[in-house]
Amino acid sequence: MQLSIENVSKTYSNGVRALDGVTLTIPTGMFGLLGPNGSGKTTLMRTIATLQDPDEGEAYLGEINVLKEKDAVRRVLGYLPQDFGVYPNVTAQTLLSHLAALKGITNAGERKDVVEALLRRVNLWDVRTQKLGSFSGGTKQRFGIAQALLGNPQLIIVDEPTAGLDPEERSRFLNLLSEIGENVIVILSTHIVDDVAEVCSRMAIIKEGRVLRGGEPQRAIDAIRGKTWKKVIDKNELPQYEAEHHVISTRLRAGRTLVHVFADERPDPSFDEAAPDLKDVYFITLSRSNGAPDEDSVFPANAHVTTTDGSSGGKGNGR
Amino acid sequence: MFRDVLRFELHYLFRRPAVYVGLVLFFLFGFMAIASDTFQSGRFLTATARNSPYDIVRLLASISVAGLVLIAGFVATAVNRDRELGVHELFFATPVSKSAYLGGRFAGSLIATFLAVSAAAAAMALASAMPFLDQERLVAFDAVPYVYALGVFVLPNLLLAGAILFSVATLTRRVLFAYVALVAMIALWIIARRFMGDIDSRWLGSIIDPFGIMSFRYATRYWTVAERNTALVPLSGSFILNRVLWTSVGVGFLVFTWTRFRMTVVETVSRLGRRGGAAGDDPGEAGRAQPVPMTTPIFTARTWFLQWAKQTRIEIGGVLTSVPFMVMLLLANVMLVTGALSEVAGTRSYPLTRIMVSEITGTFELFLVLVLLIYAGQLVWRERAAGMHEIHSVLPVPDWVPVAAKLSALAAVSVVMLAVAALATIAIQLAGGHVDLEPGVYLRGLFVVGNAHWLLIAALAIAVQAFTPKKIVGFFVVLAVLETLEWFPEIGLGHHLNLYSSTPEVVYSDMNGFGHFVRPIAWFSVYWGFLAAALLVVATLFWVRTTDPAPRGRWREARRRLTRARMAALAVALVGFVATGAWIFYNTNVLNPYLPEKEISRLQAATEERYKQYEGLPQPHVTDIALYVDIYPEERRVEVRGDLRLVNKTDAPIEELHVHTEPVLEWDFPSLAGETVVLDDTEVGFRIYRLAEPLLPGEALNVAYTMSDVNDGFVNHDSNTKVVENGTFFSNFHCVPHFGYAVDTEIEDPTVRRRHGLPPRDRMAAVDDPVARMSAFDVDSDWITYEATISTSEDQIAVTAGYLEREWSEDGRRHFRYRMDRPIQKFFPIVSGRYEVARDSWNDVAIEIFHHPRHAYNVGRMIESVQKSLDYFTANFSPYQHRQVRILEFPRYRTFAQSFPTTIPYSEDAHFVGDVRDPENLDMVFYITAHEVAHQWWAHQVVAARVQGSTFIEESLAQYSALMVMEKEFGRDYMKRFLEHELDRYLLGRGGERHEEMPLVLVEDQGYIHYRKGSLAMYALRDYIGEEAVNAALRAYIDEVAFQEPPYTNSLELLSHLREATPERYRYLIEDLFETITLYDNRVEEATVEETGDGRYRVRLAIDSRKLRADGKGVETEIPHADWIEVGVYGEETDDAVDERPLYLEKHRLASGNSEIEIVVDEKPARAGIDPRHLLIDREPGDNVKPVSG
């Protein structure tokens, strides 16, 4: 089974063009959808999750026409929205069991077992009798994960799932996902490069509604191997470096600035070769202001992205 | 700083359309209140000016309550708005002080509301100047009442409501709680209104009404038309107490809020939540590696059912556990219990289940609508409000499941509310020792007959919420739809086919159950059910399951969802809607005439225009009536054959016979088939026959006729409740044709007459009008002979006036033959029902009570009253002319008792179910029975002419007679309590007068005069001149006029007997009590006591006495007097409060103004005063007696 998205475009009534001819083929396994806030990730997720219709384009999940046979999609879908709430006056166990019934798990015994297993998996078993309204953000997020896994979904869509999780929870969740994702399609939408780097076998980078780049993360990293260079400079030197080089990223370190630049050759001996990672791929891709998606070629450009630490803060505003 | 916040708030509000919408609405509201008859409703019938100061103040006070809607919208949200928009943190970070912030916000929103509501005052002033209004009903413009009303009612009420709502919303941070506070205030207001019904709790009601409307009503309760047109309530007494009290409450709330409010941001995550998180952070190792078991989702019809059931359950839980719901349910029950208790106390009835059910439906109407409307919004928007809609929308659930679940949940909520209410009233019943709970009546009354209506409202609300962009918009759209429907009758769309969710009114009767009301209700419910189903299908198509609810996408999605099955469902619903509508139309408009109120008055006007010309045209008089009546109760059909003998009692030949009949019935005159029909107006029921041979003076004509009263199918409104399955009751007016123009069919109300271009009409002929004095009960007959043979179904008993001569069964039907052994006036009932009969006797008079088997409560008391009445009347007035007295119960569709010769039908509600066990309560059963028995003398022996004062003879004397029987039974102290109520009801009645108040001797069928003032005047006369003197005069009067042929007696003849019996020194009473409207303002200003030294006590009284004459509008003029007025001194009240023994009670001759009186009594006095027993009419009876001070 694979999910194929063909030439999907969407313009909101306020004129924002959220998707612009997106074409993607997503096989089983973990698929990372990477992009900055407002890039159209959430719109794409919601489109696949039958929550909204595109203006143009088609999407098929195996034989199912996603846009027309919504109910068929919903029967095999697990969905964790980017931002969600719950009925506040209901306990975790009650609501999960309720959702299980709505997901077609009609056998009461089965329902009881799956609810218990999921609550244990996401570490909510001890708080199962507490009202959901009293849950903190991370706890609530774990509940969201549990409900997305109900009913053995064939297509799991998780939109910014690690936001709000602490590092331990995050890695436990990613493990859980990749365990389940062996045989089903899991689409992980995120702006955190590490999420994708850690668990995704395939990915796409999206910006301004367009897919800038697709493929396997490792191949993308390999493509820039030997072309990324680093150097520690003074902060006031930065403008000069930016003018002369293609700076991918800068990072403050002990009052000094570490710059990564992208160049086919070592710019000068003061630069050391840097081992490229997915972040470099991401920033290089994003820094292209325009151009067609291309799996392996890399385009120099002037813009760059600054982060202060590996993962940038804040969350998407694609609502 | 305050000014900045205030300016900001005003600026914000005045940029929003809501203020202007409110302004326009209140302007329209005010304008219509004066200019529209609909708004004026019952009021336009009275003689008070449309724009009287009384009405200006009253209307603006009511409108100020409507202003609460704006308060809820603006004031309650003033602070919460910041929080919702998330800008409160910004505000709190600025140096604005708490006082400035709260004060500015509150003042700004209050000012905006006040301005919007004040538009009503401007509109009322403008409307008063409209040239199209009836100028006779207007007074000149005066700004004072407007300013008064704005200052005394509008501003304080808005301030109070604003303060409470602002405080609740601000402190709880939830606007919903503010709405609950609003409902609580309205509940208090309604409870206060309940208290106004009872003379003893009125004062309390006038205090506890937060809006002061009841204190206004209390202060103006005895106002006459003249006062209403000129006066304002003085700021004193309970009125000012109410205003000050509630304004202080409002200020108190503001102060409390100010002290409790913190300009800080409160973290909303509860402690519980953090603990929950902590527990989760410490995972149980055991569960970590457990694999998630495989499940097998199944999607069949069973799944859909499960999904629906599960979703319904969680929705119900959502409503039932929400605090506002619980508060409203509690409020509703508090109101229900107070209401039901005061209803039981007020009517002094047994707490019957039907009374409880009608209390529940009455009280819960408002709350059910509110709960359904509010929670339709809450449920439809529940997932979106919780942020759960994305998860919920992508569940593999058919589109109809959430729609159906939310509707089912609302239905369940309404059932829960009504069930809780039923438990509350069952508790009342059990507490009252009433164990006959009639669960079937609860079940059908609450959940079968009434519940379709709530389900339909819920369906509409859900469908509307599915389309509207916001919860609050949906709420107001539904409210607007329901309110608009209320107006439909005014624009000629009053048919229930036009009024969503409405059905013809249903009246439950213990005797007749739900009777014939069930069928129309069932059909209308099905009809509206189909429309609701169609709405719900459409709602399903457009149900939001998307994060991008732009119209274009929703239409596309709706087309996609419109499957064959749904298209079929929609088609079935619409076809069903049209088909049942057609069937209903066939029943209400084809099988039966559809007669809205305006059509009825049009027909009345047409009758008058066409045939009034024949009024007074000589016609033969009916002298003998023989009826053959076949009643088919189960079909609600009556067939009448009648043989009438008509005699020309005039001295000229009669050439034309005019027959005036009820047009909805089928009439035929086979014996006149040979005569020429000059005119046959079937529209209004008027025929003219030209007699081939004129009827010569003294000659007789036999007329045979048939009449069918057939009730096929069902009607839209005003169903025939005279012919029903159990408890048929109609009179001669229904089954005997009228010869000549029947003047009684004319429109009485002057405003309606003017609207139809009819000339003004006298309410009654002048007391000495010689033509009018020729007729009494009816113009076409005098004394008649009467016999009737009536058949009815096997299980029923049929009764009419007269003696039962024969009873037999034939063809499975029961037949009864009755004959009256002496002439009676043409006035008899025909009754049939499944009766139990209680029999007793008095001398040779048979007493029979025909009653519903379950209503045996007071049958014994009725028999006693009949016996004691016969005792008194035969001993003091004249012999009883008949050999039987029968009382018959009929269903409560009509609520009176009526005394026909020998036969007295009583409504179920007229104390058949009254609870007279408590001697503290007035025994209404005993009293009403005595009154009706007295009519056998005053109406059937002494027959009054149809002129002014006729009801003084018939009703006031029946009241007097009943009072005397009661006095013998209960003693004189008891009468004081009875007369207090009579005085209250007389004084209350004066303000509702439509034309003008008449003196008793010229009373024009005005109930508050001939019953209430009649009791007071006759009892006062009896007290001054003595029982025997009054009775001797009445005996002499009966001797003179009983059973007389026309001309019939008038009130002047009665009065001359009473005058003769009155000694010279009390002669002025005849003028005061009967010939004029005379009131006293008696008051004791000081009462002191000192011991005389020989163990006795000297009481000194300073008294002020004034005597007033009022004209027909209530304008009073003081006249000097030197009248005999009672002065009394009373001892300490004993436990036995009923027996109030005076230490001194004598009539003193007192001059107008101040007097000093000294009285020496033997025992220690406690209270003393002037006219302590309220023999004289006094508008302030409360100041007549005072405790004496040492």
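1. Interface. In this predicted model, 53 residues of chain A are in contact with 46 residues of chain B. On the chain B side, four helices each supply at least two residues: helix 15 (271–281), helix 17 (301–320), helix 21 (389–393) and helix 27 (551–561). Helix 17 of chain B gives the most, with eight residues.

2. Composition of that side. The face of chain B that touches chain A has 20 nonpolar residues and 19 polar ones. Seven charged residues complete the class count.

3. Chain A overall. Chain A has 14 strands and ten helices. Of its 319 residues, 51% are buried. Take the contacts in chain A between residues at least 6 apart in sequence: 68% of these join residues at least 24 apart.

4. A sheet in chain A. Four strands of chain A make an open sheet, ordered 12-13-11-14, with antiparallel pairing. Strand 12 (246–253) and strand 14 (272–273) of chain A are the edge strands, and each pairs on one side only.

5. One strand pair up close. How many bridges join strand 12 and strand 13 of chain A? Seven, in the antiparallel sense, with strand 13 covering residues 256–262. For a landmark, look at A:Arg251, which stands opposite A:Leu258 in strand 13 of chain A.

Conventions:
Residues are numbered from 1 along each chain as its sequence is written. Chains are lettered from A and ligands numbered from 1 in the order in which they are written. This is a predicted model: local features need pLDDT of at least 70, side-chain atom pairs count only at pLDDT 80 or more; totals for chains, interfaces and linings use all residues. Two strands pair if DSSP finds at least two bridges between them. Two residues are in contact if their C-beta atoms, placed from the backbone, lie within 7 Å. Ala, Val, Leu, Ile, Met, Phe, Trp, Tyr, Cys and Pro count as nonpolar, Asp, Glu, Lys and Arg as charged, and the others, Gly among them, as polar. A residue is buried if 20 or more other C-beta atoms lie within 10 Å of its own, exposed if 12 or fewer, and partly exposed in between; C-beta atoms are placed from the backbone.
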